[in-house]
Amino acid sequence: MEPIEVRDVTRLFRTKSEEIWALKGVSFEVHEGEIYGLLGPNGAGKTTMIRILSTLLYPTTGRAYVLGHDVVKEPEKIHPYINSLSGGENSGYGIVTAYDNLWFFGNLYGLPFGEVRKRIKILAEAMEITHKLKTKFNKLSTGEKQKINLIRALLNDPRVLFLDEPTLGLDIEASRKIREFIKSWVRETGASVIWTTHYMHEAEEMCDRIGIIKEGKIIASGTVEEIKSAVKKIYKARVKFMDGSRIETKEFYMSDPVELGNHVETLVREGFKILDVDREEVSLEEAFVELVFKNSETDDGQSDDKDQDVSHIPG
Ligand SMILES: Nc1ncnc2c1ncn2[C@@H]1O[C@H](COP(=O)(O)OP(=O)(O)OP(=O)(O)O)[C@@H](O)[C@H]1O
Ligand SMILES: [Mg+2]
């Protein structure tokens, strides 16, 4: 069994005025030593999925397994081996030091004292935050707090780690430090990570595979390359040419790079002088926008209305 397996999970939220299907039948798995990116617009269901996997929330239907244990039936067998961290999280006790916060959580996780001390030291050095350990938590900057939160999340050396927008609001340096650290930590330990983010460059850099979730359903999944090729127009070219005395630029999106020759030929035939041609693959961000916001153009004719029909989902 894979460290994370999700099978046709749905989740219904009932409020006074409405019923919201936050998840409408989600399935995926995460391998050992893999960072799996869960990407999707606001309200797509990412946090709900992570809360189910961290056993904080029951699925309405379907099954989810972490390290071979059913999240509903055996949460206590999962707890020692998982941890999580979210961005913009207001965790930590403000009036005690960063160190005491970590000490408290280490004990809460039931780790031996010596082990807690050792791990705080090693992790703080790796995160370059040792000099702030004696500072009261509420005196730390957002990035410093998040480094401490990350140390907290790694204290029990989890086999499965859930990171829900872990770099939200961090500066370039803090965010890079966290990314680099997680990457090498996963490589060393073979742990499995689910990483959600709205920063596409981050997903591109970090994630071995990605699932794109929209309105509670995974609409595309695979490696970054596979996600890009789910979008028909995978190549982009910019052609700069002279139109009389003016310099003009045209952009073309293509499914096959050979189409570029045709576009250039047409421009030449129309009498324009080509100045420059440059071609690149579409970015993950462009593919994401295409899939999530313009899905009707790339899918197989199913309308968006049909996607939103939840009447078939058991309640
Ligand atoms: N406790 C709750 N009660 C009612 N509705 C909820 C609850 N939690 C989440 N929802 C709804 O479920 C849907 C999915 O929310 P979720 O927080 O999982 O989205 P998300 O993908 O994490 O979004 P974001 O990118 O904004 O964090 C949303 O429509 C949200 O309003
Ligand atoms: Mg969320």
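User: Which elements each supply at least two residues of the side of domain 1 that touches domain 2?
Analyst: Start with the contact itself: 11 residues of domain 1 meet 10 residues of domain 2. By class, that side of domain 1 has 7 nonpolar and 4 charged residues, with no polar ones. The elements that each give at least two residues to it are α7 (200-206), β9 (209-214) and β10 (217-222).

User: Which residues is V193 in contact with, leaving aside its neighbours within four places in sequence?
Analyst: Skip the residues within four places of V193 in sequence, and what's left is I35, Y36, L161, L163, I182 and V186.

User: Is N101 buried or exposed?
Analyst: You'll find N101 in helix α3 (residues 98-108). Further along the chain, K136 is 35 residues away from N101, yet their C-alpha atoms are separated by 9.2 Å. Leaving out residues up to four places away, N101 touches G92, Y93, V96, F137 and I148. Since N101 has 24 C-beta neighbours inside 10 Å and the cut-off is 20 or more, N101 counts as buried.

User: How many of the 9 residues of strand β13 are buried?
Analyst: Strand β13 covers residues 273-281. It pairs with strand β11 (residues 235-243) in the antiparallel sense over 8 bridges, and one bridge partner pair is M242 with K273.

User: Which are the edge strands of the open sheet of 4 strands?
Analyst: The order in this sheet is β2-β1-β4-β5, with antiparallel pairing. Strand β1 (residues 4-14) is joined to β2 by 9 bridges, and I4 stands opposite V30 in β2. An edge strand pairs on one side only, and here those are β2 (19-30) and β5 (69-70).

User: Where does pLDDT stay under 50?
Analyst: Over the whole chain the mean pLDDT is 91, and 93% of the residues reach 70 or more. Where pLDDT is low, the predicted coordinates should not be read in detail. In the stretch you're asking about, the model has 19 contacts beyond four places in sequence, and that stretch is residues 296-315.

User: What percentage of the contacts in the chain with a separation of 6 or more comes from residues 24 or more positions apart?
Analyst: For a bit of background, the chain has 12 helices and 13 strands. Its C-alpha atoms fill a box of roughly 80 × 50 × 40 Å along the principal axes, and 35% of its 315 residues count as buried. Among contacts with a separation of 6 or more, the share from residues 24 or more positions apart is 70%.

Conventions. Residues numbered from 1 in each chain as written. Chains lettered and ligands numbered in written order. Predicted model: local features only at pLDDT ≥ 70, side-chain atom pairs only at ≥ 80, totals over all residues. Contact = placed C-beta atoms within 7 Å. Nonpolar A, V, L, I, M, F, W, Y, C, P; charged D, E, K, R; others polar. Buried ≥ 20, exposed ≤ 12 C-beta atoms within 10 Å, placed from the backbone. Pairing = 2+ DSSP bridges. pLDDT = per-residue confidence, 0-100.
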